[in-house]
Amino acid sequence: MLTTRQQHTLNLLWLSQARSWIRHQIPLLGSIIAGSPELQDGRMDGCIDIDPSTLRLPKNARTFALKVRGDSMRNAAILEGDIVIMEFREARHGEIVAALIDGETTLKRFIVQNGVPYLRASNPKYPDLIPARELVIQGVLIALLRLSER
């Protein structure tokens, strides 16, 4: 879950990028569990510099990055230690999302079945997550970074 301070920092960063399109900085907002949902501390761990044409980002893209922990998305080729680049926008059925479900965050596939939204892992050992109270999509996956070990 984004804190008020993180949201303010993101807004300032996005505003500055609208003025200068030479490089794009994507804030790294800690990690997200790809497993059972959990509470997040909402810290910012710096920024990732990218060439915006690499990700085919529109000039007004509102993006952030998270480091993946866990194995619930392994069959979608998202592994522990990967960095997911997310965009603030409305999710469509089948997209991978960073979500707040009943107060806890997780990385899962967004599913809508018979008008009912829920989250699905890409690993059969994890159950579907049906919200008891709320399901808030915080971002939609647009890119995945995997750094080789040195």
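**View 1. One aromatic pair turns up when the whole structure is searched.** The partners are F64 and F88, and this is a predicted model, so take the picture as a prediction. A pair of aromatic rings is described by two things, the distance of the centres and the angle of the planes. Here the ring centres of F64 and F88 sit 4.8 Å apart with the planes at 40°, and that makes the pair tilted.

**View 2. Where do F64 and F88 lie?** F64 belongs to strand β3, while F88 is in the loop between β4 and β5. Because of that, the pair ties together parts that are 24 residues apart in sequence. F64 has a relative accessibility of 3%, so it counts as buried. F88, with a relative accessible area of 17%, is buried too, because the cut-off for buried is under 20%.

**View 3. K108 lies over the face of a ring.** The ring belongs to Y126, and K108 is 5.8 Å from its centre.

**View 4. A77 has a positive phi without being a glycine.** The angle is near 65°. Is A77 buried, partly exposed or exposed? Its relative accessibility is 43%, so A77 counts as partly exposed.

**View 5. D102 is another residue with a positive phi that is not a glycine.** For D102 the value is about 50°. Its spot is the loop that links β5 (96-101) with β6 (104-113).

**View 6. Stepping back, the protein chain has one helix and eight strands.** What is the order of these elements? Starting at the N terminus, they run α-β-β-β-β-β-β-β-β. The protein chain has 150 residues, and 43% of them are buried. Next, take the contacts between residues at least 6 apart in sequence: 63% of these join residues at least 24 apart.

Key: Residues are numbered from 1 along each chain as its sequence is written. This is a predicted model: local features need pLDDT of at least 70, side-chain atom pairs count only at pLDDT 80 or more; totals for chains, interfaces and linings use all residues. Side-chain values use heavy atoms; hydrogens and water are left out. Buried means under 20% relative accessible area, exposed over 50%, partly exposed in between (1.4 Å probe, protein chains only). Helices (H or I, at least four residues) and strands (E, at least two) are DSSP runs, numbered from the N terminus. Contact means heavy atoms within 4.5 Å. Rings of Phe, Tyr and Trp (its six-membered ring) pair if their centres lie within 6.5 Å; planes under 30 degrees apart count as stacked, over 60 as edge-to-face and the rest as tilted. A charge sits over a ring if NZ of Lys or CZ of Arg is within 6 Å of the ring centre and within 35 degrees of the ring normal.
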